[in-house]
Amino acid sequence: MTSAERVNEPPPGPIRDYHFPEVNSRTLDNCVRSVVCTAGDLPLVTAHVIVNAGAATESANQAGLALLTANSLEGGTTNRSGTQLAWDLEELGLELTTWTTWDATHVRVTTITDRIEGALALLADIVRNPAFPEGEVERIRDEQLAEIIQRGTEPRALADDMASRSIFAEGSPYRRSTYGEPDVLRCLTAVDATAFHHARMSPDATSVLLVGDVEASRGHDLVMRAFGDWGGKAAPVPQVEVRPGVHETSIRLIDRPGSVQSEVRIGHIGVPRTHPDHITLLVLNAILGGSFTSRLNLSLREKHGFTYGARSAFAARRHAGPFMISTAVGTDVTSRAVEEAFNEVHALLRDGPTDDEIANARNFLAGVFPLQLQSTEEIAERISDIVVYDLPIDYFQHYRADLLRVDSTSVRQAASLHIRPEEMAVVIVGDAAALRPTLEQLGIGKVTVDNLAPAPALAPADAE
Amino acid sequence: MVEIPFERYTLDNGLRVVLSRDASAPVVAVNLWYHVGSRNEKPGRTGFAHLFEHMMFQGSEHVPEMVHFSLVEKAGGSLNGSTWLDRTNYFETLPAHYLELGLWLEADRLGWLLPAMTQAKLDNQRDVVKNERRWRIDNQPYGDWDERMQSMIYPSDHPYHHSVIGSMEDLDASSLEDVEEFFRTYYTPNNAVLSVVGDFDGDHARDLIKKYFGSIPPGPPVPPIPGRTQIDAVIGKELRVTVEQDISLPRLYVAYRTPPYGTDDYYTSAVVAQILGYGKAALLYRTLIREQRLAQDVEAYAFPIVVGASMLVLWTTALPGVTLDRLESALHDQIDALQHVEPRDVTRAVRLMEARQLSDLQTVGERADQLSMYTTLFDDPARINTEVERVRAVTVDHVRSFAARFLNDRNRAVMHYIPKTMNGS
């Protein structure tokens with residue numbers, strides 16, 4: 001080989017088209033939405049149920065109930081006990097996955113094609129006929145409480161939770177965590193879970209996605225057979241109001257004495273998932289902190305060695321969620337790292353990204369899109385965005401073209417509108433005594449120190 | 001079940017190559033396994049194999065600093081590497097038309113890394129890795145469990161005695177001379193496997209691989225793994241330690257020394273891990289969590305490692321108000337019950353493992369990583385298709401016998417993590 005061939009990076013070969021698989025949607029008579037997408041080349045089907053029963057649909061005096069209800073689905077149905085349900089699923093090789101976001105509750109299994117009917121029958125039984133036995137709901141509630149207690153000593157979770165408290169004002173649900181508040185959660189029972197299920201988990205609030213080795217007409221038939229004879233109607237969902245909790249930059253220090261690292265969160269209120277700037281913000285964020293070669297990661301990690309990684313993200317939620325910069329840095333370099341993060345934000349706003357940066361970010365996002373859609377579960381999760389945020393059914397067919405259209409003007413405009421360093425909340429979980437003096441010297445905002453209340457009183461230890 | 005097709009050959013310099021074509025999506029995975037991990041580190045240099053992995057992303061003779069990452073990202077690809085006990089892997093998934101870029105980048109750092117190494121790069125990545133250690137271990141509740149467990153299960157002269165991340169002191173001691181020596185010893189074509197999976201033309205891929213990798217000279221034979229690699233099949237006693245940490249809930253870790261990956265007993269241990277800890281019908285979920293309400297969670301994991309012995313690790317977090325002594329006693333009762341395990345427990349475990357393997361094989365990156373793994377560890381890429389048979393061959397009698405031989409108080413290490421202040425005030 002000549003040295004020129006070695007020295008220069010090889011050019012790409014001819015590009016091959018990628019098409020997001022066709023999504024076929026129909027609404028059954030009882031208002032269940034059936035969505036089928038034929039995809040992949042293995043004998044697998046993912047059945048993914050989405051219910052409009054996310055944490056944003058619970059009221060403040062029920063904080064944690066959406067998650068408790070979703071997790072309590074494993075407690076069994078009117079047809080089988082919780083243990084029987086687990087056996088019935090797992091003897092078919094099915095792993096039940098349930099999760100709750102602010103915007104929806106998701107229930108999913110992936111099955112080999114031959115067992116799709118049995119899998120769907122079980123899934124329908126779980127979603128339609130949960131029994132919520134008292135003992136099981138109490139058990140799951142106690143586990144949820146324990147999880148909240150654990151988050152209080154886990155620096156990353158604690159930083160995330162405390163950042164939400166700074167970014168959102170009182171009365172905004174996003175201020176709390178989807179795990180709920182201990183004082184409220186402690187009082188929730190099977191009666192509450194049953195009522196929440198009755199009010200929220202009804203056919204008109206439910207979509208069933210089948211993705212994988214299944215044709216559209218057969219897929220809709222399968223959904224019809226499992227969910228078509230389900231009756232009921234959802235109660236109106238409460239209005240959600242999201243207001244900022246900070247109006248000028250401040251630093252909130254959560255004391256964790258002896259920490260060898262500081263978990264840093266810097267952010268403010270962002271934009272709803274359906275905001276017209278969503279795709280432009282993906283490009284902007286890839287440049288700031290959404291890729292390995294982003295400005296924040298190159299500066300804080302590769303230039304300064306302050307951290308193992310730094311990133312930023314606009315959360316995608318129905319209402320405006322957080323825009324957040326996240327990193328974990330050595331205690332002795334914390335104030336320098338915070339300063340550098342602000343420098344990067346200011347520089348991006350002042351000078352704008354270069355044309356190369358924009359082109360690279362567009363190509364990165366358009367290129368990794370198909371890489372992230374190799375499994376039926378990944379495709380189903382993308383389609384769930386269509387369902388949850390009521391996007392056009394062909395949204396992902398032109399998603400790459402939309403990304404590649406983002407230009408310098410729109411990125412600059414979006415940056416100046418949606419990134420506001422003068423109103424960022426800085427939350428740091430770390431050793432307050434070591435951090436406070438240098439953070440105050442930074443002069444970017446008032447520094448307050450929180451000494452967290454001890455974990456909620458534990459039940460008395462059992463006698464042994 | 002599905003049969004993954006592949007073609008395997010070896011270049012003159014000893015580089016083993018596995019190609020597997022799948023044109024269902026316009027993507028391609030390039031994956032390299034180097035048969036070197038923390039087990040190969042010499043005394044005083046723990047953590048070096050991993051620090052070296054970081055240096056592999058810092059550019060090579062024809063790839064300027066930071067350009068490795070930026071070329072892949074602007075091509076629309078994703079990339080990473082990881083270091084473990086037995087191996088170090090490097091991988092990128094790219095749009096299919098960028099296959100040549102991936103091969104060029106990987107070949108350049110295998111053939112021409114050293115001219116690009118500088119003290120400044122080493123100092124920077126040392127800081128990054130030290131922060132990685134703080135992030136994963138030192139500032140993380142229970143974060144040092146595997147480091148502690150490895151040091152209990154393996155004697156001090158065994159290569160698995162120390163952790164992959166290594167100690168801060170040893171990271172500080174690492175020099176550019178170490179980088180050069182490690183590179184010349186272990187980063188050779190004859191100590192590596194290259195797998196390419198996805199949408200490519202076979203002849204074209206073979207030509208490109210020859211073009212970029214063919215001229216890299218082979219290295220010397222790889223030296224034996226340092227330390228004592230053969231150890232007793234069982235520990236011979238129970239080891240215990242209590243660790244006080246800034247945590248809110250006590251957690252119990254129990255580990256057993258078990259036969260290494262690749263042996264029949266290993267597959268039994270993998271099935272045992274599923275029986276005990278995977279899914280809601282798992283034995284420990286049914287008992288400790290659902291029936292007895294002692295624990296918040298339970299996990300079980302058989303380490304797929306090959307030198308001398310593996311380990312089977314269980315952990316479970318106590319619910320508030322439950323002592324670890326009580327939780328431990330309940331756990332041991334269930335482990336003892338394994339000697340009378342029912343056939344349906346085994347069937348359930350095998351079904352879940354079959355389903356997961358099929359699901360994992362959907363991505364080209366996972367296929368490439370498995371092909372590299374089976375070739376590196378067993379010189380047998382066909383295991384991507386046949387490994388599941390080894391799992392299916394595990395019977396109730398195997399599980400009962402395994403439990404009696406290995407899961408007892410003459411072969412376990414027990415670790416109690418307890419909160420620093422138990423009164424919470």
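Tutor: Helices are DSSP runs of H or I with at least four residues, strands are runs of E with at least two, and both are numbered from the N terminus. On that basis, Thr395(B) sits in the loop that links α14 (383–392) to α15 in chain B. The model is predicted, so local features need pLDDT of at least 70 and side-chain atom pairs count only at pLDDT 80 or more, while totals for chains, interfaces and linings use all residues. Residues are numbered from 1 along each chain as its sequence is written, and chains are lettered from A and ligands numbered from 1 in the order in which they are written.

Is Thr395(B) buried or exposed, or something in between? Thr395(B) has 14 other C-beta atoms within 10 Å, so this residue counts as partly exposed (buried takes 20 or more other C-beta atoms within 10 Å, exposed 12 or fewer, and partly exposed is in between, with C-beta atoms placed from the backbone). Leu377(B) is 18 residues away from Thr395(B) along the chain, and the two C-alpha atoms are 25 Å apart.

On the α15(B) side, His398(B), Val399(B) and Phe402(B) take part in the contact (C-beta atoms, placed from the backbone, within 7 Å). Their partners in α9(B) are Asp265(B), Thr268(B), Ser269(B), Val271(B), Val272(B) and Ile275(B). Sorted by class, this contact has 5 nonpolar, 3 polar and 1 charged residues (Ala, Val, Leu, Ile, Met, Phe, Trp, Tyr, Cys and Pro are nonpolar; Asp, Glu, Lys and Arg are charged; the others, Gly among them, are polar).

Another helix pair in chain B can be set beside this one. α3(B), residues 99–111, packs with α8(B), residues 202–213, at an angle of about 25° and with the axes 9 Å apart. That angle makes α3(B) roughly parallel to α8(B). From α3(B) come Leu99(B), Glu100(B), Leu103(B), Trp104(B) and Ala107(B), which meet Ala205(B), Leu208(B), Ile209(B), Tyr212(B) and Phe213(B) of α8(B). The classes here are 9 nonpolar, no polar and 1 charged.

Now the chain that holds these pieces. Chain B contains 15 helices and 11 strands. Taken along the principal axes, its C-alpha atoms fill a box of roughly 60 × 50 × 40 Å. Of its 425 residues, 56% are buried. Among contacts in chain B with a separation of 6 or more, 81% are between residues 24 or more positions apart.

Chain B also touches chain A: 69 residues of chain B are in contact with 72 residues of chain A. On the chain B side, the elements that give two or more residues include α3, α4 (119–138) and β5 (88–95). α10 (283–291), α11 (324–337) and α12 (343–360) of chain B are also among them. By class, this side has 27 nonpolar, 23 polar and 19 charged residues.

For chain A, the counts are 17 helices and 12 strands. Its C-alpha trace spans about 70 × 65 × 45 Å along the principal axes, and 52% of its 464 residues are buried.

Leu73(A) lies in the loop between α2 (65–71) and α3 (82–90) of chain A, and counts as buried because it has 26 C-beta neighbours inside 10 Å. Asp390(A), in the loop between α14 (376–388) and α15 (399–404) of chain A, counts as exposed, with 10 C-beta neighbours inside 10 Å. The phi of Asp390(A) is near 55°, a positive value, and the residue is not glycine. Most residues other than glycine have a negative phi.

Methods
Axes fitted to C-alpha atoms, helices over the stretch in contact; angles between N-to-C directions. Parallel < 35°, antiparallel > 145°, perpendicular 65-115°, else oblique. Contact = placed C-beta atoms within 7 Å.
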